[in-house]
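Colleague: Please take a close look at one part of this model, the pocket and the helices around it. How is it built?

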Amino acid sequence: MEVGEMHIGLVGGIGPGATDFYYRRLISTFARKNATLELTIVHADTPTLLNNLARNDAVAQTAIYTRLTNRLASAGAKCVCVTSIAGHFCIDDFKAVSPLPVVDMIAEVSRAIETRGLKRIGIIGTRTVMETRFYGRIASAEIVPPSKPDLDDVHQAYISMAESGFMTEDQRSIFNAASHRLLGDQGVEAIMLGGTDLALAFNEQTAEFPLVDCAGIHVDAIARLAIA
């Protein structure tokens, strides 16, 4: 395969801030590698996803992903990536029927955590992501959600941020306070950004504490696959 030959398909829009993060990071990564980026993005609806997540309706969300992936395949994409951690609640169901190979964020994050040797990690994101410890598939480390009322506050702040694509200072304060309490009271080694839109709030280079940047790990895995 020639450098930059693989055409990447992204399921974006869930939410807009996360899509922007994936797009910009892929552009910069391919530029550094002197590779040609072939990319198509399709739009999934954030409120629809969040409603399906709240109802645990994997069938409905998988049908949406399959319809959008057929569109990506028609455009020439050779793989598909869901740019949302919340959107991975049905990823196993989707992988079983997807018209294209799926780059699974949970699997990539699990490998990265094992490589770093982390054993106790705090998590912030949507309620379901936090309460399921990222859908129960991180085997090499203990995932610790915030205690109430931090868990409720983080969930509400995250949902508002994801839907708007913008972060307020109040939302930033909620995320920071919950993270510091996880580090200080729960003794975690790092904070997992359990929502791809948290790229609006945190940066690995400037954060006050160690991060497990799920979106960053996912994008880098996509790039490695495409520039193989």
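Modeller: The largest pocket holds about 160 Å³ of space. A pocket here is an open set of points on a 1 Å grid over the protein atoms alone, where a 1.4 Å probe fits, with protein on both sides within 12 Å along at least five of seven lines; the volume is the space filled by probe spheres set on the points. This is a predicted model: local features need pLDDT of at least 70, side-chain atom pairs count only at pLDDT 80 or more, and totals for linings use all residues. Residues are numbered from 1 along each chain, and side-chain values use heavy atoms, without hydrogens and water.

F21, R25, L193, A199, F202, N203, E204, Q205 and D213 line the pocket, each having an atom within 4 Å of a point. Four of these lining residues are nonpolar, two polar and three charged.

F21 and R25 also belong to the contact of α1 with α9 (heavy atoms within 4.5 Å). The axes of α1 (residues 16–32) and α9 (residues 214–226) come within 10 Å and cross at roughly 45°, so the two helices are oblique to each other, the class left after under 35 degrees (roughly parallel), over 145 (roughly antiparallel) and 65 to 115 (roughly perpendicular). On the α9 side, the contact includes H218, V219 and I222. Its residues divide into nine nonpolar, three polar and two charged.

Helix α5 (residues 105–116) packs on α9 at about 100°, with the axes 9 Å apart, which makes α5 roughly perpendicular to α9. M105, E108, V109 and A112 of α5 meet C214, I217, H218, A221 and R224 of α9.

Technical notes:
Nonpolar A, V, L, I, M, F, W, Y, C, P; charged D, E, K, R; others polar. Axes fitted to C-alpha atoms, helices over the stretch in contact; angles between N-to-C directions. Helix = DSSP H or I, 4+ residues; strand = E, 2+ residues; numbered from the N terminus.
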